Amino acid sequence: MTAQPTGPRRGRGRPPRASASAETPAARDRILTAAREVFAERGYEKASVRGIAKAADVDPALVHHYFGTKEQVFESAVEGAFAPVLRTQPLTDLRPDRAGEQFVRMFLGIWENPATRAPLLAIIRSAVSNEAAAAIFRRLVAGLVLSKVAKELDAPDAELRAELAAAQVVGVVMLRYVIKVEPIASADPEELIARLAPVLQHHLTGSPGAPAAG
């Protein structure tokens, strides 16, 4: 008769005893940083939990312990990339007369900052090539950004207004930072803000069908 193990059973999702000592906030942050790098280099489909663990120099079980599946790692990476920006540039104080400028300045501020641009580039490259990654990205952008902007607008079509404003800026972001089309890629950020602000102001607060000012 086979002897049964007498030691305590490891809970589901817990890392092996050998790697349990690696559970620290620094290890968690290292995993997220490695995840963004792996997603950027290999894309969402070819990225794996094992590959992320190797890049972070941790046991794969520790990745599962902190984040679960690859989809959940990606979601945490997206949310983590947005969090510092939303803390420093909240979307809950839009002024009706300057909403367009505030909106575009916030978005371009995210992308002009190398610390936030790098992880977002990794995320967008995965999102445009994989539907699962795109769905996660859409859900978080809607929840973290667009819903907050919409709540600030006194209009029955607030969600559509917020999405139209975001679409305008996302197009600029893609041309400037991802595809790098000139002359928009090297244009002065303040010039872009000055040109885009009236258009976004119209999307956010203007009357439907009325021409944009500027």
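1. Helix α9 (residues 158-178) and helix α10 (residues 189-205) have axes that come within 8 Å and cross at roughly 155°, where axes are lines fitted to C-alpha atoms, for helices over the stretch in contact, and angles run from 0 to 180 degrees between N-to-C directions. That makes α9 roughly antiparallel to α10, a term for angles over 145 degrees. Helices here are DSSP runs (H or I, at least four residues), numbered from the N terminus.

2. This is a predicted model, in which local features need pLDDT of at least 70 and side-chain atom pairs count only at pLDDT 80 or more, while totals for chains, interfaces and linings use all residues. Residues are numbered from 1 along each chain as its sequence is written, and side-chain values use heavy atoms, with hydrogens and water left out.

3. On the α9 side, R161, A162, L164, A165, Q168, V169, V172 and R176 meet residues of α10 that include L192, L196, V199 and L200, contact meaning heavy atoms within 4.5 Å. By class, this contact of α9 with α10 has eleven nonpolar, four polar and two charged residues.

4. The loop between α9 and α10 holds P183, and the peptide bond from E182 to P183 is cis, with omega near 5°. K180 lies in the loop between α9 and α10 as well; its phi is positive, near 60°, and K180 is exposed, with a relative accessible area of 58% (exposed means over 50%, with a 1.4 Å probe and protein chains only).

5. D57, in the loop between α3 (49-56) and α4 (60-67), has a positive phi of about 60° although it is not a glycine.

How values were computed:
Helix = DSSP H or I, 4+ residues; strand = E, 2+ residues; numbered from the N terminus. Parallel < 35°, antiparallel > 145°, perpendicular 65-115°, else oblique. Nonpolar A, V, L, I, M, F, W, Y, C, P; charged D, E, K, R; others polar. Buried < 20%, exposed > 50% of the residue type's maximum accessible area, 1.4 Å probe, protein only.
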